[in-house]
Amino acid sequence: MKTLKLTFATAGKRNYVLNIENAKDDLTLDEVKTQAAKLMKVLINRSGAELTELIKAEVTTASTTEFQ
């Protein structure tokens, strides 16, 4: 499973991390930046601070092996 992890800066000078599971295999940085800009307009962190910029975007991959 691939997870897209977006780290945003907030108006409150803190970081906000959003994890999106099952990320597309062929994501590009341009696609991520475009969609992150849309998310910043509607997301607010727990303390009510608005997101101001995308700091980092990364994809992690997890795999599971069942013991038999």
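Which residue is the bridge partner of Leu 6 in S2? It is Leu 18.

Before going on, some ground rules. This is a predicted model, where local features need pLDDT of at least 70 and side-chain atom pairs count only at pLDDT 80 or more, while totals for chains, interfaces and linings use all residues. Residues are numbered from 1 along each chain as its sequence is written, and side-chain values use heavy atoms, with hydrogens and water left out. Helices (H or I, at least four residues) and strands (E, at least two) are DSSP runs, numbered from the N terminus.

Now the sheet. Three strands form an open sheet in the order S2-S1-S3, with antiparallel pairing; two strands pair if DSSP finds at least two bridges between them. The edge strands are S2 (15-21) and S3, each pairing on one side only. From one strand to the next, the twist averages 20 degrees. Strands of a sheet pair through backbone hydrogen bonds, either parallel or antiparallel.

Take the two pairings in turn. S1 and S2 are joined by seven bridges. They form a hairpin with four residues between them, and Lys 13 in the turn has a positive phi of about 65 degrees. Axes here are lines fitted to C-alpha atoms, for helices over the stretch in contact, and angles run from 0 to 180 degrees between N-to-C directions.

The largest nonpolar core has eight residues, among them Leu 4, Leu 6, Phe 8 and Leu 18. A nonpolar core is a set of buried Ala, Val, Leu, Ile, Met, Phe, Trp, Tyr and Cys residues joined through side-chain atoms within 4.5 Å. S1 gives the largest share of this core, three residues.

Last, Lys 56, which lies in S3 (residues 51-61). Is Lys 56 buried, partly exposed or exposed? Lys 56 counts as partly exposed because its relative accessibility is 42%; buried means under 20% relative accessible area, exposed over 50%, partly exposed in between (1.4 Å probe, protein chains only). Leaving aside neighbours within four places in sequence, Lys 56 is in contact (heavy atoms within 4.5 Å) with Lys 5, Leu 6 and Thr 7.
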